[in-house]
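Welcome! Please take a moment to look over the sequence and the 3D view before reading on.

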Amino acid sequence: QQVGPTTSSLTGPIGPRRVWTWARAPLSEVKRVRSALGGTVNDVVLTLITNGYRELLEERGEQITSERALVPVSVRKPGERGVYNNRVVGVLARLPVGIEDPAERLSHIRQQMDGIKSSKQAVAGDALVRLSGFAPPLLLALGSRAMTRSLRLNMDTATTNVPGPQHPVHALGRRLLQSYPYVPIVGSLRIVVAIFSYDGELYFGVTGDRD
């Protein structure tokens, strides 16, 4: 479905200064919401991010409709569930910031992502993943840069959700306690969100144009 351009402070010229902030949430809480309301962990995470954008736009007194985002979609086969591999692709989806009720917002995102997973967008992404051997962060970074250069795609933001090991990892005898991701803003995108899961926690990193 073709949609017209959206106008918000999330897109436009970017300056030289950046701001980066972070947050975290227990993966168990996200899974509890998923079990109660349906969908996937990624659907719940996208709903959380959509809520954040809604609050931001409300605070700025801007019109709330929807924001078009580059988002991750898993194309793993049934036997690969829970396997940490590179079968994750980036596709374009609408974040329904105009929907007030969080549960309804999750239902909308779930239906949309289910449709995308069976679409040509995901099939083409799967072929690229198998052909390239790229890891998810690199693939999504390359995809976001390519898409932001195309004005007709009308992207408003981007998000990456990279699954990490769900057990402690160590280096030189020291345990990694937390892992907050960073993704740079590119093109006309003034804000992007990155998520990395590690050892039972979801770590969010938000990068924005400071001005």
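The sections below cover the model itself, its salt bridges, a surface patch and a pocket.

## About the model

This is a predicted model, in which local features need pLDDT of at least 70, side-chain atom pairs count only at pLDDT 80 or more, and totals for chains, interfaces and linings use all residues. Residues are numbered from 1 along each chain as its sequence is written, and side-chain values use heavy atoms, with hydrogens and water left out.

## Salt bridges

Side chains of opposite charge can pair when their charged atoms come close. A salt bridge here is a side-chain nitrogen of Lys or Arg within 4 Å of a carboxyl oxygen of Asp or Glu, and by this rule the count comes to five. One of them joins Asp-211 and Arg-17, with 2.4 Å from N to O. These partners sit 194 residues apart, Asp-211 in the segment after β8 (201-209) and Arg-17 in the segment before β1 (18-26). Strands (E, at least two residues) and helices (H or I, at least four) are DSSP runs, numbered from the N terminus.

How covered are the partners? Buried means under 20% relative accessible area, exposed over 50%, and partly exposed in between (1.4 Å probe, protein chains only). Asp-211 counts as exposed because its relative accessibility is 62%, while Arg-17, at 42%, is partly exposed.

Another salt bridge pairs Asp-209 with Arg-18, their closest N and O atoms being 3.7 Å apart. Asp-209 is buried at 14%, whereas Arg-18 is partly exposed at 35%.

## A nonpolar patch

Trp-20, Trp-22 and Tyr-182 make a nonpolar surface patch of about 370 Å². Patches use residues with over 30% relative accessible area and no salt bridge, joining like charges within 9 Å and nonpolar side chains (Val, Leu, Ile, Met, Phe, Trp, Tyr) within 5 Å. Accessible areas come from the Shrake-Rupley method with a 1.4 Å probe, and for residues only the protein chains shown count as cover. Tyr-182 lies in the loop between β6 (174-175) and β7 (191-198).

## The second largest pocket

The second largest pocket holds about 550 Å³ of space. A pocket is an open set of points on a 1 Å grid over the protein atoms alone, where a 1.4 Å probe fits, with protein on both sides within 12 Å along at least five of seven lines; lining residues have an atom within 4 Å of a point. Grid points are joined across faces, edges and corners, and a volume is the space filled by probe spheres set on the points.

Among the 22 lining residues, Gly-52, Tyr-53, Leu-56, Ile-191 and Val-206 are the closest to the centre of this pocket. Helix α2 (41-59) is one of the elements giving two or more residues, and α2 gives the most, with seven.
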